[in-house]
Amino acid sequence: MGVGFVVGVFGVLILAHAAYSTIQYRSLLKIMQEEFSGPPFHVAVELILGLVLSMWAALTVPGKFHSINPEAEENRIVSLPANQDFMVFNHRGRLFPKQADLKLKH
Amino acid sequence: MVSKAEEAELNRLETQVDNGGGGAWDYLCLIRKLKVRRSHKVLNYGLSILNDSRKRSGLGQEEWTLYEQVAIAALDCQAIDVAKDCIKVLQKKFPQSKRVGRLEAMLLEAKGLWAEAEKAYASLLEENPCDQIVHKRRVALAKAQGNIAGAIEWLNKYLETFMADHDAWRELAELYISLQMYKQAVFCYEELILSQPTVPLFHLAYADVLYTLGGLENLQTAKKYYASTIDLTGGKNTRALFGICLCTSAIAQLTRGRNKEDKEGPAELQSLAATALEKDYKQRAPHKLSLLSSVLKGLKVSP
């Protein structure tokens with residue numbers, strides 16, 4: 001968790017910084033009375049870097065992924081549930097010795 | 001359905017609880033969720049929770065679920081006194097409940113008072129004709145008395161109304177198999193595969209019944225369904241692998257001397273299955289490898 005979390009925070013900080021730089025750049029353009037044609041180069045780099053870092057963090061921090069394939073080792077169905085609605089009580093279990101100390105005490 | 005991961009979790013909790021490591025409540029919850037039948041353990045550990053008033057009050061509303069679970073487990077273990085006490089407690093808490101009424105009828109069933117139990121179920125059905133579980137209990141009642149034909153009749157009547165109940169279809173298939181009425185069982189398994197196509201065990205059971213029926217066409221279909229079982233389990237189902245080998249050799253015996261058209265495909269499939277079997281045995285039971293190879297030699301399928 002540690003490394004991934006720090007990287008995620010760093011990624012979000014970079015994104016925030018990119019937003020701040022864009023706002024500053026636009027106010028600068030207003031002062032210089034020029035048209036806005038696109039974000040400056042360093043903001044674009046920051047955006048891509050922030051995207052990559054936060055995506056990586058979002059994929060690693062919450063935990064491991066489980067397989068959704070039915071034939072995957074952990075999803076493989078090994079037995080059916082006992083059909084308990086059709087449970088029958090007169091089976092050979094009644095021949096086992098009973099435990100005498102079983103009692104609901106209250 | 002019990003998946004591999006859930007089974008491992010259940011086994012882990014079971015050894016933990018058996019060795020006194022605690023976690024009994026989690027174990028009982030998992031048993032309820034997976035619907036496995038461990039009546040003896042539910043009775044022991046459930047009762048020890050119920051007898052400990054501090055633990056019992058810690059459960060809150062779940063307490064009553066535990067009473068029901070323990071009552072049914074006690075019936076299954078023939079501990080009639082415990083079951084009676086549990087049902088009495090539930091009766092006090094929920095005086096008019098149908099669910100408790102069903103438990104009382106099950107108590108009659110466990111005592112072997114068939115006529116009284118039948119009467120109790122009939123009166124429950126009169127109040128609520130759509131109670132699926134009571135309908136199913138009636139089938140079980142007929143089965144308990146050894147009246148399999150009667151059980152099949154009840155179950156067919158039930159399935160006319162509640163066609164989507166796959167547990168009932170499964171029960172019907174098993175009842176038919178116990179009477180060796182394989183053609184009818186085949187129909188039930190087809191129904192099950194239609195309703196739950198991703199459960200490999202239904203494919204496997206279907207293939208087993210078809211193989212038992214015999215005949216060239218059935219054997220070929222059986223082989224296809226063994227193959228789909230292998231597909232759905234990722235090749236980990238030993239029974240399906242053996243099924244492929246058996247089907248191939250049976251088909252070869254039936255078609256001996258006839259024209260050999262589609263020879264190439266099947267031969268490849270069986271040798272793949274045999275290789276997978278040998279690999280599996282080598283890994284998990286090396287001392288039985290010689291047995292396996294002699295069986296495969298007898299079937300004339302070589303990896």
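## Aromatic pairs

First, a working rule: rings of Phe, Tyr and Trp (its six-membered ring) count as a pair if their centres lie within 6.5 Å, and planes under 30 degrees apart make the pair stacked. Keep in mind that this is a predicted model. By that rule, seven aromatic pairs turn up over all chains. One of them is B:W64 with B:Y67, which sit 5.6 Å apart centre to centre, with 20 degrees between the planes, so the pair is classed as stacked.

Where do B:W64 and B:Y67 lie? Both belong to helix α5 of chain B, which covers residues 62-76. They are three residues apart there, or about one turn of the helix.

## How the two chains meet

Now for the interface itself. Chain A puts 29 residues into the contact, and chain B puts in 53. Together the two chains bury about 4000 Å², with 60% of that on carbon and sulfur atoms. Looking at the chain A side, A:F86, A:F89 and A:L104 account for 20% of the area that chain A buries against chain B, more than any other three residues.

Side chains of opposite charge can pair when their charged atoms come close. Between chain A and chain B, the count is two salt bridges. One of them joins the side chains of A:E73 and B:K236, at 2.8 Å from N to O. Sorted by class, the face of chain A that touches chain B has twelve nonpolar, eight polar and nine charged residues.

Polar contacts across the same interface come to 17 residue pairs, with both partners at pLDDT 80 or more.

There's some strand pairing between the chains too. Strand β1 of chain A (residues 77-79) runs antiparallel to strand β1 of chain B (residues 2-3), and the two pair over two bridges. Within that pairing, A:S79 stands opposite B:V2.

Over all chains, the whole structure holds 20 salt bridges. Among them is the one between the side chains of B:R37 and B:D76, at 2.9 Å from N to O. Why does this pair tie together separate parts of chain B? B:R37 is in the loop between α2 (24-34) and α3 (39-51), while B:D76 is in helix α5, so the bridge links parts that are 39 residues apart in sequence.

Notes
Residues numbered from 1 in each chain as written. Chains lettered and ligands numbered in written order. Predicted model: local features only at pLDDT ≥ 70, side-chain atom pairs only at ≥ 80, totals over all residues. Heavy atoms only, no water. Contact = heavy atoms within 4.5 Å. Buried area = accessible area lost by both parts, 1.4 Å probe. Salt bridge = Lys/Arg side-chain N within 4 Å of Asp/Glu carboxyl O. Polar contact = N/O pair within 3.5 Å; in protein donor to acceptor, adjacent residues only side chain to side chain. Nonpolar A, V, L, I, M, F, W, Y, C, P; charged D, E, K, R; others polar. Pairing = 2+ DSSP bridges. Helix = DSSP H or I, 4+ residues; strand = E, 2+ residues; numbered from the N terminus. Phe/Tyr/Trp six-rings, centres within 6.5 Å; stacked < 30°, edge-to-face > 60°.
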